[in-house]
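Hello,

Here is the structure I promised to pass on to you. Have a look at it first, and then read my notes below.

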Amino acid sequence: MGRGIRLLFFSAWLLPLWAQAQRVSSLQFTRADFPESFAFGAGTSAYQYEGAAAEDGRTATIWDTYAHSARSYNDEPGDIASDGYHKYKEDVKLMSDMGLEAYSGRGEVNQKGLQFYNNVINELVKAGIQINAVLYHMDLPQTIEDEYGGWVSPRIIDDFTAYADVCFREFGDRVAHWTTMLEPNIMAQGGFDNGDLPPNRCSYPYGRNCTVGNSTVEPYLFVHHSLLAHASAVRLYRMKYKAAQKGIIGLNLYSMWLYPFTDSAEDIDATERAKNFLYGWILHPLVFGEYPEAMRKAAGSRLPSFSHSESELVSWAFDFIGLNHYTSVYTSNFPKALEGVLHDFTADLAVFFRATKHDPPSTLILPGKMVDPQGLELILEYFQGEYGNLPFYIQENGYGGADGALNDVERINYLSKYIASTLNSIRNGIDVRGYSVWSFMDLYEVFGGYNFHYGLVAVDFDTRERRRQPRRSGHWYSDFLKNNAVIEVEGDFFWKNNAVTEVEGDSATTKISHAQL
């Protein structure tokens, strides 16, 4: 397919939890407190990292088309991005110097792309870095989108399986950790309902400047075919490659913890409905072989059903679940969404989202603002309660902003809290096996382009050579991984069953133990 693999809200009904809590002042931990097999890493993404948009036979993807269109949220496309296509050896050395144990990358493949990824993989192997490869993230070849509509057609299942087959065959002797696709649960709204993200499919009156699509059914078709394509690739891997390559394969979700905006029955019910629509939409079929009852009731015949053989195919078609987790949001009921004859996915959901308690409501599923490490623990506990003790990898967690300063103490504070919550979850019996910072270096971001920075390594996008320089957070992460440096997270914490939770997440501070930072 192209080129690139992706190498406290407290209210009366919560008072019993408060009563059970014991106040503590800090949590100290080191790398050695995590299981020996636990992997720490950082990630990038093909389109956001590589550049070389017109080199070596690379063909346009739906992300290229979007980035060059008036729909894009950014002023310029990612044709050069971080120029990783030409600078990967330098970047792998930076990863090795930082002490990364794992690296996540994603994208698409052609013949020159195969050689590029073989080169990248070989460099990572020489550096002793585990490779976590993601097969798909918004980079469908534009030719497939034009030919038959891409993900809204069942033809995508065979094409995606064939693409996965090439990747398993070419790279599987060195790659043992595969993720089929990222964030289908939220790409459905942006890509196929309101049309704000690739492939920009929507229909009036639900999207803006809609030219192709049907918002009432296509979000459901996209996820349905994504699940079947994922499961088909998993079956292929297990039947043809797993015995020899001994790898694992899973699927990724975008996750946010959802707090009811009020303690009203309507908002509590809306929050549970949102969990079904955002998480049960993917996990319920993978565990139980069918969509959640709440979704079937809301969407009716617009939600596809699985045949008996398809249900068997998707059930337990994963070795792990990956999570991209950054924040928490507030949710409330939005009954007016159900007015009218036709409903899109957003109307079926009928939920308002708020990034903070004081933000205006929105029906869009957008990144939040709260630093709420408690939310990570809560969502892992929720998944365990609903679906059993599934294996999880935190595949993305990071702090971004317009300030590209090298002295990024805010990022260190953020990462410290979420790594601490990951450890607490493990100590509470959640099977979390890895944690990856987003991102290893500054990239071309979906929201913000070259002006929004997540990287442990800064990239000077104003220079032709895309000069790299590790930030303070990069040195801090390296010290944690290579020197077993102590991280101490302080603040207003409450212990419940040995788990740290933090009210609103903003009051804590972080101490770094090594003076050179």
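**What I found, starting with the disulfide**

The torsion about the S-S bond of Cys202 and Cys210 is about -115 degrees, so this disulfide is left-handed. The two sulfur atoms are 2.2 Å apart, and a pair of cysteine sulfur atoms counts as a disulfide when they are within 2.5 Å. In case the term is new to you, a disulfide is a covalent bond between the sulfur atoms of two cysteines. A search of the whole structure finds 1 disulfide.

Before going on, please keep in mind that this is a predicted model, in which local features need pLDDT of at least 70 and side-chain atom pairs count only at pLDDT 80 or more, while totals for chains, interfaces and linings use all residues. Residues are numbered from 1 along each chain as its sequence is written, and side-chain values use heavy atoms, with hydrogens and water left out.

(Buried means under 20% relative accessible area, exposed over 50%, and partly exposed in between, with a 1.4 Å probe and protein chains only.)

**Around Asn194**

Asn194 is found in the loop between helix 8 (184-192) and helix 9. (Helices are DSSP runs of H or I with at least four residues, strands are runs of E with at least two, and both are numbered from the N terminus.) Asn194 is buried, with a relative accessible area of 9%. Leaving aside residues up to four places away in sequence, Asn194 touches Gln189, Cys202, Tyr206, Gly207, Arg208 and Leu364; contact here means heavy atoms within 4.5 Å. A polar atom of the Asn194 side chain also lies 2.9 Å from the backbone nitrogen of Asp196.

**Aromatic rings**

How many aromatic pairs does a search of the whole structure find? There are 48. Rings of Phe, Tyr and Trp (its six-membered ring) pair if their centres lie within 6.5 Å; planes under 30 degrees apart count as stacked, over 60 as edge-to-face and the rest as tilted.

One of the pairs is Phe168 with Tyr237, which is edge-to-face, at 4.9 Å centre to centre and 65 degrees between the planes. Phe168 lies in helix 7 (residues 155-171) and Tyr237 in helix 9 (residues 218-245), so this pair ties together parts that are 69 residues apart in sequence. Both Phe168 and Tyr237 are buried.

Phe288 and Tyr387 form a tilted pair, with 6.0 Å centre to centre and 40 degrees between the planes. Phe288 is in helix 10 (residues 265-288) and Tyr387 in helix 14 (residues 373-387), 99 residues apart. Phe288 counts as partly exposed at 45% relative accessibility, while Tyr387 counts as buried at 6%.

Ring pairs also link Phe29, Phe34, Phe38, Phe40, Tyr435, Trp476, Tyr477 and Phe480 into a cluster.

**One more stop in helix 14**

Glu377 is also in helix 14, and Glu377 is buried, with a relative accessible area of 2%. The side chains of Glu377 and Ser421 are joined by a polar contact of 2.9 Å. (A polar contact is a pair of N or O atoms within 3.5 Å; within protein, one must be able to donate a hydrogen and the other to accept it, and residues adjacent in sequence count only if both atoms are side-chain atoms.)

Enjoy exploring!

Best wishes
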